[in-house]
Amino acid sequence: MKKTETKIFSTLAIPDELAADLRTLGNLEMWTEDVPMPNEQLTIQLKDCQALLCSGSNRITAEMMSACPKLKVIANVSVGYDNIDVDAATKAGILVTNTPGVLDNATADMAFALLLAVARRLVEADQYVRSGQWQGFHPSLMLGHEITGKVLGIVGMGRIGEAMARRARGFGMEVIYTRRGGQEKDERLNEQYSARRVSLGELLKNSDFISLHCPLSPTTRHLIGRVEFSQMKKTAILINTSRGGVINEAELVSAIAEKSIAGAGLDVFEFEPEVNAQLLTFSNVVLAPHIASATNDTRLAMKRLAIKNLIAALDGGNPPNAINKKNESTVTIAVPATP
Ligand code: 8YV
């Protein structure tokens, strides 16, 4: 295809230093507003496009793909890809890629920051001081949860889960974990983090802190619901930087209201950007607007990796982070999204 015929659209602003590479391939247009691009507008924009760079907040549906017959690649600037109908993309011969590896530290930093903030009541304390309520030292003022020596349960010991385990070891915590797949990595993980692989039930029962790091898939949707909350310690604190839908949010509200767990730190929500109104009323819940990967360095690295994938796909090859793979005239699923 001639360079002038190739059209690339990005739903995120791409800095000049990275846009230059894309412009050597064809015509680049982008959405530069600070709010997510509405899907109707995106569908119209994509009609003539061969390539799309998008974020996890763009829902790329089967209908959109069938309305955009020239589309060859969707490069998600996100490690999670539950926003894309990968099956429909595969059927339509569209490659889908993601950005694993470059956001592990930033995401684990945020998960640990939430853990500390809930355990040590940081947001509550900040509000207390700002509102002028502080009268002076009191021995039982704002008592929180000790972290050293406590058990962290990591649900999904992938790259981000491991980054979380590194932080936990630095804080003198004991690590237990669940992960998908066989046992081939367990020996290294157990040794490296003095950790132990356990069943989900065992993890829920024994953890003082539980941090979710699994992708959202049909098998992990509502992985944490009423039954799971009832298995947790009453002193447990739940942290979620993965996807909101991994938790049944209504059941989380009940668990907090009934004091069946001690608190939660949430960066993601089941129906985001909508947040269950009751969550806003709990002082033992710390909320963030899906910003775990939001550092300048990490967001730049994510865009750079997504562009590398997009260029490889437009060049006719298999991109390094393909979710589905090219197979002669069609495309086949390579990575099933199971926990
Ligand atoms: C993104 C994320 O910022 O990578 C992921 O899976 O959740 C975040 O890093 C989000 O998807 C918006 O693109």
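Which strands does helix α7 lie across, and at about what angle does α7 run to β6? Helix α7, residues 159–170, lies across β6, β7 and β9. Its direction is about 175 degrees to that of β6. The model is predicted.

**Seven-stranded sheet**

- Seven strands form an open sheet with parallel pairing. The order is β8-β7-β6-β9-β10-β11-β12.
- The edges are taken by β8 (195–197) and β12 (285–287). Each has a single partner strand, so one side of each is left without a neighbour in the sheet.
- On average, neighbouring strands here are turned by 15 degrees against each other, direction ignored.
- β6 covers residues 151–155 and β7 covers residues 174–178. Five bridges link this parallel pair.
- Ile-154 has Tyr-177 of β7 as its bridge partner.
- β9, one of the strands that α7 lies across, spans 209–212.

**Five-stranded sheet**

- A five-stranded sheet is also open, with parallel pairing. Its strands run in the order β2-β1-β3-β4-β5.
- β2 (27–30) and β5 (95–97) are the edge strands. Each of them pairs on one side only.
- β4, residues 73–76, pairs with β5 in the parallel sense. Three bridges join β4 and β5.
- Opposite Val-73 stands Leu-95 in β5.
- Helix α1, residues 16–23, lies across β1 (7–10), β2 and β3 (51–54). The angle between α1 and β2 is about 140 degrees.

**Ligand site**

- The shell around the ligand includes Ser-55, Gly-56, Val-77, Ser-78, Val-79 and Gly-80. Leu-103, Arg-243, His-290, Ser-293, Arg-299 and Met-302 also surround the ligand.
- By residue type, this shell holds four nonpolar, six polar and two charged residues.
- Val-77 places a polar backbone atom 3.5 Å from an oxygen atom of the ligand.
- Ser-78 uses its side chain: a polar atom there lies 3.0 Å from a ligand oxygen.
- Gly-80 has a polar backbone atom 2.8 Å from an oxygen atom of the ligand.
- On its own, the ligand has 330 Å² of accessible area, and the protein covers 86% of that.

**Backbone details**

- The peptide bond between Glu-272 and Pro-273 is cis. Its omega is about 10 degrees.
- Pro-273 sits in the loop between β11 (263–266) and β12.
- Lys-259 is not a glycine, yet its phi is positive, at about 55 degrees.
- The loop between α11 (249–257) and β11 holds Lys-259.

Technical notes. Residues numbered from 1 in each chain as written. Predicted model: local features only at pLDDT ≥ 70, side-chain atom pairs only at ≥ 80, totals over all residues. Heavy atoms only, no water. Pairing = 2+ DSSP bridges. Helix = DSSP H or I, 4+ residues; strand = E, 2+ residues; numbered from the N terminus. Axes fitted to C-alpha atoms, helices over the stretch in contact; angles between N-to-C directions. Contact = heavy atoms within 4.5 Å. Near = heavy atom within 4 Å. Polar contact = N/O pair within 3.5 Å; in protein donor to acceptor, adjacent residues only side chain to side chain. Areas by Shrake-Rupley, 256 points an atom, 1.4 Å probe, with all protein chains shown as cover. Nonpolar A, V, L, I, M, F, W, Y, C, P; charged D, E, K, R; others polar.
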